[in-house]
Protein chains: 4
Amino acid sequence: MHDVRIGLIGAGRIGSSHARLVAERVPGARLAMVADPRPAAAHALADRFGAEATDDPAALLGGDVDAVVITASSPAHSELIIAAAQAGKAVFCEKPASMTLAEADRSLAAVAEAGVVLQVGFNRRFAPDFRAAHDAVAEGAVGSVQLMRSLSRDPGLADPGSVPPWTIFLQTLIHDFDTLSWLNPGATPVEVYATADALVAPEFKDAGLLDTAVVVITFDNGARAVAEASFSASYGYDVRAEVFGSGGMVTAGDGSRTAMVLRDAAGLHQQTARSDVELLLESYVAELVEFVASVREGRAPYVGGTDARRALSLALASIESVRRAGVVALDPGTGEVR
Amino acid sequence: MHDVRIGLIGAGRIGSSHARLVAERVPGARLAMVADPRPAAAHALADRFGAEATDDPAALLGGDVDAVVITASSPAHSELIIAAAQAGKAVFCEKPASMTLAEADRSLAAVAEAGVVLQVGFNRRFAPDFRAAHDAVAEGAVGSVQLMRSLSRDPGLADPGSVPPWTIFLQTLIHDFDTLSWLNPGATPVEVYATADALVAPEFKDAGLLDTAVVVITFDNGARAVAEASFSASYGYDVRAEVFGSGGMVTAGDGSRTAMVLRDAAGLHQQTARSDVELLLESYVAELVEFVASVREGRAPYVGGTDARRALSLALASIESVRRAGVVALDPGTGEVR
Amino acid sequence: MHDVRIGLIGAGRIGSSHARLVAERVPGARLAMVADPRPAAAHALADRFGAEATDDPAALLGGDVDAVVITASSPAHSELIIAAAQAGKAVFCEKPASMTLAEADRSLAAVAEAGVVLQVGFNRRFAPDFRAAHDAVAEGAVGSVQLMRSLSRDPGLADPGSVPPWTIFLQTLIHDFDTLSWLNPGATPVEVYATADALVAPEFKDAGLLDTAVVVITFDNGARAVAEASFSASYGYDVRAEVFGSGGMVTAGDGSRTAMVLRDAAGLHQQTARSDVELLLESYVAELVEFVASVREGRAPYVGGTDARRALSLALASIESVRRAGVVALDPGTGEVR
Amino acid sequence: MHDVRIGLIGAGRIGSSHARLVAERVPGARLAMVADPRPAAAHALADRFGAEATDDPAALLGGDVDAVVITASSPAHSELIIAAAQAGKAVFCEKPASMTLAEADRSLAAVAEAGVVLQVGFNRRFAPDFRAAHDAVAEGAVGSVQLMRSLSRDPGLADPGSVPPWTIFLQTLIHDFDTLSWLNPGATPVEVYATADALVAPEFKDAGLLDTAVVVITFDNGARAVAEASFSASYGYDVRAEVFGSGGMVTAGDGSRTAMVLRDAAGLHQQTARSDVELLLESYVAELVEFVASVREGRAPYVGGTDARRALSLALASIESVRRAGVVALDPGTGEVR
């Protein structure tokens, strides 16, 4: 088969990173087009890797590409998935793949009807230590799951004023919600309690910015899971998971930059990773490699649209729990808050 | 000053351990009397260390002892504290020091009136790594506290049928509640959410046995704390704490038995501590050394009755949250559930 | 500039690995030709990545390639470097770049005369933790270097009978010799003591196979360095370094496969890396990226021919020390054993 | 049995530490007498723990003590052991127990003739991680021993001018020599190479002060062991061991003060232990507990005179290797340099 020709929609920070990885790190793929409503951004990124540029996503979808990588702003994701599916393109979409369960259902239906590949950007599933933890759980190494933890800590809020409301749930904790579901295979969430605050930038609380959050999820197998996020990790980017069960515990996540250790008169020291791209670079590569492999092999990717819908339902339930200042129950069938 | 003469009330598992430590590990103290309603138990323990035995705690309180160590069953603690205080004895009491806030208030009043020392058995405060974490927080190393975690995992339930209801909150998580308050100095809890289940021994759930619990506490400084406990830690005894703030994070707790590491064809291995006494032996010693020092120096011990009352209020709030299946608010003045 | 066209000479285990990495992991390069005296091997590898094949290295050197990667058998390295340099090709050569100091001098002269790039495959210099250790030393974080350690442990000897004599010094410890020199910048070795044995496969000792070795190097700045190697690491591939100085210590090397940790009834467990390619994959990539960058930028690579000569001189001194069963002194100017 | 009455000879730094531990940490023992030729030192230490004082060791040996702890200056050890044995006292002696093999033989003979207990202060044998490593080796967890390492790094030389020549071998590395023999059970050293220098305080080199040393020992089972010492560990006190064999590797030694970890804007940090007494406190206690137990039970202690003689023979061989600037062979029967 010829190289998978990839069109990328959205030339922002994560779009630029994905473009570079497609161009340099994913065998069997090449970056063919870049679309961004800002023509200069589209051209700058496309030129860097010898791709075509356009300011019109529809032109990209109508162009000579096999697959699209959607890194546009979140509210546009769902419609772009639908349009791409209708154009017969395989789709890799950054999270969240949609903002409402209704949107999720519509885009999943479009993807199913078109019979195209849909992968969502839950990169932690491709981190070697998270994957090893998953495999240990799946092999029964921890017995039946009873207590879980997943956390995301981001080094900082460069511009708090620009962060949309509920970002901490829809953009950040959505990773943890997927991780927790993935590490508790077969279980369904039935109850959610969330509490959140603006501790980093309290002056933006009225504008809806929450920067610190804790969520407790009760699953139907009795497992309790804690998801936790903060936007003020002074020591770098930190993602971790813990699964405790009747037979043991696995942990994943180690924010150290390298295995180098320095001891001096002030004690022992180790460097910590400073950004998501630094900490999770190989995971970003691996998820794109998986996407291209699933396109080439015409099979479902390791993480898809139903995973995204389930993680979204937990984000929406968390938001509702904060709004109600209380516990919310989920319909196990639909994932909707009762 | 002559050696502090200690009378121990309650010759059970932890009483026997404390008796041995007083006799062998605490300079400036000696075990003088042991009281237990079971005369054989009292004599066996007393004889081992050359102490007197009695089956009547009142006889011990009227005897030639300077201080008492209360390791009787929990419901008796509060009345024993009051009686000891009225007898002018210094008091070390295992947790929980009382079962209700009213009891706590009565015993605190008796202690204050008698002007005696009261220390409560929150041994984690004396674990070197927990103490180092506390000192780092107190010195501002993590900035303002935003997210916290404390957990207790116990290797097993030898006899689930004998465990009183709510033990996981009143006996186990009470350690975590104290730890979290101690590591968030000056902050007051305002809201509690608890969820618990019988996952280890579900057949005892109807009898009130809960073996797995998660609690989220919101403090008035905005910090969110998660306390977590389980009675099914297959890998040993595990207590840990984490404090995350605007300037950094400290962690304490490492369940390894020693620093020895073995690598073989199956990978890397380390032994884990199997019991609380193994993991926390030096902490048990250190709290008794502190007690004797506070008696000799006529000063307040490092951890006392108000700390115990505060931890109890969080245990009671957690129980109420489970009963209501919802979030409960606390009166910041009284610690009572609203 | 167009992609750097690379010809690879030697389609064995490490040649195949390098071919794949050039084809899939090195932006700005492409695998153009593969030469191997075994035509089937050359074709199989070339076909996999769309390259040309030949059984004649001279044909490759005369072909349309910008640079060569030499992964032939060690005794051929030096003559291939010379031929490649005379053909005006940039050269990446696996270690050892030569088998004698005279060969090394001849090949360095040829490279200098041709003005081509020469890089040698000391991949540990590109391992992130080793690099971080080096940078810390270079920045003075450990003060003046006093004690050093570098070790190589290989999981096994599949076919002891096929291992040439002195392999442990010329092929394995040569990495450690380079590492130690690199981590003690500006210092010159003046004395070497080596001791070695056949503990894994004693039946091959008479054939010259040594599988366990310890070397002590004294540098002219007083630092003592220990290099250690074994071919029987049951727990996987293990390379580590330690630099201790007047101001502190740095360590590098951690054989764990991922950061995942499992605790179960048998204690704590972590997986270990099983092969050099697993442990050092990113280092192999990084050294090839550096090679291509130095070719494109027309500059000296990070590690070159004089580094290789210095490491070789320590390997030869070690061999002489074993032969003499005693300490040998080195001429600081020539690196020759006195 | 009544408490073991202990007389301590030598009220210096380590003597004061042992006196305190006997008085406060060793059940079944009490400090009865202290002897030191400096009467003020003897009285100060004795008074602290309610013991008698004398400036005459002979008076102590003639006094009412069951056992002696010898912490006098090293050259006096051997004669004191002999005198104590002849007085029928059990003996705990700090290392080195003697300064020559002839002295060692004489004192061992006196001990044997008197039938008294003799323990030597190799405290690492009582460190929990070293003990766990030993047990793993003894149980065959690493297979046959092939490569070993033991190191001692001391934080500093307060007064280099007062350090006797060869201290690094006779006082410091003697610990490592014992550790390596203990961890390679049944093997006999046959060859030693040592190299040493004055890198910390070069101005004292002419006076015989060596502060940095590396020793390689070849055992008759083929194992090669590296012992390493320095007096300039800026980061604290550091003792470690590593045993590598056909089936795996064990490591012991972790210089961290506690398990507390701090992460902040500068990365990850851990405190390190600053002195031998801080790092090895529990080992000092445990060796004294073992001594008292062996006295009470009338049995040989865990580490005795022949262990001390063997470690001494390696120290003397190292000194001879430095003097000769070459490898020395040992007589496997006598441990003497050939």
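Start with chains A and B. Chain A can be laid on chain B by a turn of 180° and a shift of 0.0 Å along the axis, with an RMSD of 0.0 Å. The two copies are thus related as by a two-fold rotation axis. Such copies are superposed by least squares on the C-alpha atoms of residues with pLDDT of at least 70 in both. Now colour the contact residues, where contact means heavy atoms within 4.5 Å. The same surface serves both copies: 100% of the contact residues of chain A recur in chain B.

Some ground rules before going on. This is a predicted model, in which local features need pLDDT of at least 70 and side-chain atom pairs count only at pLDDT 80 or more, while totals for chains, interfaces and linings use all residues. Residues are numbered from 1 along each chain as its sequence is written, chains are lettered from A and ligands numbered from 1 in the order in which they are written, and side-chain values use heavy atoms, with hydrogens and water left out.

**Stop 1: chains C and D**

Select chain D and chain C. A rotation of 180° with 0.0 Å of shift along its axis superposes chain D on chain C, and the RMSD is 0.0 Å. Here too the same surface serves both copies, as 100% of the contact residues of chain D recur in chain C.

**Stop 2: the sheet of chain A**

Show chain A as a cartoon. Helices (H or I, at least four residues) and strands (E, at least two) are DSSP runs, numbered from the N terminus. Two strands pair if DSSP finds at least two bridges between them. In what order do the six strands of the open sheet in chain A run? The order is E3-E2-E1-E4-E5-E6, and the pairing is parallel. Look at the edges: strand E3 (52-54) and strand E6 (118-120) of chain A each have a single partner strand, so one side of each is left without a neighbour in the sheet. Neighbouring strands of this sheet are turned by 20° against each other on average, direction ignored.

Next, select residues 67-70 and 90-93 of chain A. These are strand E4 and strand E5, which pair in the parallel sense over four bridges. Pick A:Ile70: its bridge partner in E5(A) is A:Cys93.

Axes are lines fitted to C-alpha atoms, for helices over the stretch in contact, and angles run from 0 to 180 degrees between N-to-C directions.

**Stop 3: the sheet of chain C**

Move to chain C. Its six-strand open sheet has the order E3-E2-E1-E4-E5-E6, with parallel pairing. Select residues 4-9 and 67-70 of chain C: four bridges join strand E1 to strand E4, and the two run parallel. C:Leu8 stands opposite C:Val69 in E4(C). Helix H2 (residues 39-48) of chain C packs on the sheet, touching E1, strand E2 (29-35) and E3, and its direction makes about 170° with that of E3(C).

**Stop 4: aromatic rings**

Show the rings of Phe, Tyr and Trp (its six-membered ring). They pair if their centres lie within 6.5 Å; planes under 30 degrees apart count as stacked, over 60 as edge-to-face and the rest as tilted. By this rule the count comes to 22 aromatic pairs over all chains. Select A:Phe244 and B:Tyr235, an edge-to-face pair at 6.2 Å centre to centre, with 75° between the planes. The pair crosses between chains: A:Phe244 is in strand E11 (residues 238-245) of chain A, and B:Tyr235 is in the loop between strand E10 (224-230) and strand E11 (238-245) of chain B.

Are these two residues buried or exposed? Buried means under 20% relative accessible area, exposed over 50%, partly exposed in between (1.4 Å probe, protein chains only). A:Phe244 is buried at 0% relative accessibility, and B:Tyr235 is buried at 2%.

Now select A:Phe126, A:Trp182 and A:Tyr302, which ring pairs link into a cluster. A charge sits over a ring if NZ of Lys or CZ of Arg is within 6 Å of the ring centre and within 35 degrees of the ring normal. In chain D, the charged end of D:Arg131 sits over the ring of D:Tyr302, 4.1 Å from its centre.

**Stop 5: backbone details**

Most residues other than glycine have a negative phi, and most peptide bonds are trans. Select B:Lys95 and B:Pro96: the peptide bond between them is cis, with omega near -10°. B:Pro96 is in the loop between strand E5 (90-93) and helix H5 (101-114) of chain B.

Finish at C:Trp166. Its phi is near 65°, a positive value in a residue other than glycine. C:Trp166 lies in the loop between strand E7 (145-153) and helix H7 (167-182) of chain C.
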